[in-house]
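Welcome! Have the sequence and the 3D view open side by side, and follow along as we visit a few places in the chain.

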Amino acid sequence: MRGAGERVPGRRLAGMRLNEDVALLGQLAALVPYRAQHVARYHQWMKSEELLKLTASEPLTLEQEYQMQRSWWEDNDKCTFIVLDKARWMSGSCTEEDCMVGDVNLFLTDSEDLSMAEIEIMIAEPGYRGKGFGKEVTMMMMYYGVTRLQITKFQAKINLENTISIAMFRNMHFEEVSISHVFQELTLLLMVDNCRRKCLLEKMNCVREERYNEIKQRLEGDSQSAFVQQE
């Protein structure tokens, strides 16, 4: 999440407040807004040298991580979701933090073109890689960007060593724009024309958008009922 570099002031995304009560439910993954309760687990992820390198991030203290979460909440050019294992989360058998898999982000990077956003995806939990989560989450975020944020161009900047992500984006018809050997980074771009928009909407017709707080209350109620029954 922290490796996206400098951003320009924006207004279209309205920051994370836009998705503060949005949950997107796919087949494998659920996307929920990044809140303070997620920070400790996220901080543990970012102690990984591998993830720091692949996301071009710098290590932060836990307090700095909380400050970062708060600043992202208020930022007008970022939209962030935490990725959950949907089946585990909806089962109510474990805490939301224990269901965390990674994160996905959109950034406005061009003040002259608010229809273009940079997309970032991180599947932080090794056990969830190579199982379709990355592709589904990326498509869910693109679906949200197209239908809710009027995004028509998606840019991805990927570390050259992250060959799996590069292959995934290329399989999704992203095309190479540039390569920087200095920063060890490949830039890919996807233009969402009417044909690609239709295809994306058809593939994502299973995605449900619900109120995050309502789901949490329902799951908490189910958990309390199960506890009472056990007694």
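## Cysteines

Let us begin with one residue. Cysteine 79 has a relative accessible area of 0%, so it is buried, a word used here for values under 20%, with exposed meaning over 50% and partly exposed in between (1.4 Å probe, protein chains only). Cysteine 199, at 33% relative accessibility, counts as partly exposed.

How many disulfides does the structure hold? There are 0, where a disulfide is a pair of cysteine sulfur atoms within 2.5 Å. Cysteine 199 is in no disulfide, and the nearest cysteine sulfur, which belongs to cysteine 195, is 6.8 Å away. In general, a disulfide is a covalent bond joining the sulfur atoms of two cysteines.

## How to read this model

This is a predicted model, in which local features need pLDDT of at least 70 and side-chain atom pairs count only at pLDDT 80 or more, while totals for chains, interfaces and linings use all residues. Residues are numbered from 1 along each chain as its sequence is written, and side-chain values use heavy atoms, leaving out hydrogens and water.

The score pLDDT is the predictor's confidence in each residue, from 0 to 100. The protein chain averages 89, and 88% of the residues score at least 70. Over residues 2-11 pLDDT stays under 50, and the model has 35 contacts (heavy atoms within 4.5 Å) for them beyond four places in sequence. Residues 226-231 also have pLDDT under 50, with 0 contacts beyond four places in sequence. Where pLDDT is low, the predicted coordinates should not be read in detail.

## A buried valine

Valine 146 is found in helix H5 (residues 133-148); helices (H or I, at least four residues) and strands (E, at least two) are DSSP runs numbered from the N terminus. At 4% relative accessibility, valine 146 counts as buried.

Which residues does valine 146 touch, leaving aside those up to four places away in sequence? They are Ile151, Phe154, Val192, Arg197 and Leu200. Valine 146 and leucine 200 are 54 residues apart in sequence, and their C-alpha atoms are 9.1 Å apart in space.

## Aromatic rings

Rings of Phe, Tyr and Trp (its six-membered ring) pair if their centres lie within 6.5 Å; planes under 30 degrees apart count as stacked, over 60 as edge-to-face and the rest as tilted. By this rule there are 7 aromatic pairs. In one of them, the rings of tryptophan 89 and tyrosine 212 have centres 6.3 Å apart and planes at 25°, so the pair is stacked. This pair links distant parts of the chain, with tryptophan 89 in helix H4 (residues 86-91) and tyrosine 212 in helix H8 (residues 212-230), 123 residues apart. Both tryptophan 89 and tyrosine 212 are buried.

The rings of tyrosine 128 and phenylalanine 133 have centres 5.0 Å apart and planes at 85°, so they are edge-to-face. Tyrosine 128 and phenylalanine 133 are both buried. Elsewhere, ring pairs link Tyr34, Tyr42 and Trp45 into a cluster.

## A strand with two partners

Now look at strand S4 (residues 100-108), where 9 of its 9 residues are buried. Strands pair if DSSP finds at least two bridges between them. S4 pairs with strand S3 (residues 78-85) in the antiparallel sense over 7 bridges, and 7 bridges join S4 to strand S5 (residues 116-123), also running antiparallel.

Aspartate 103 in S4 is the bridge partner of isoleucine 82, and aspartate 103 also stands opposite methionine 122 in S5.
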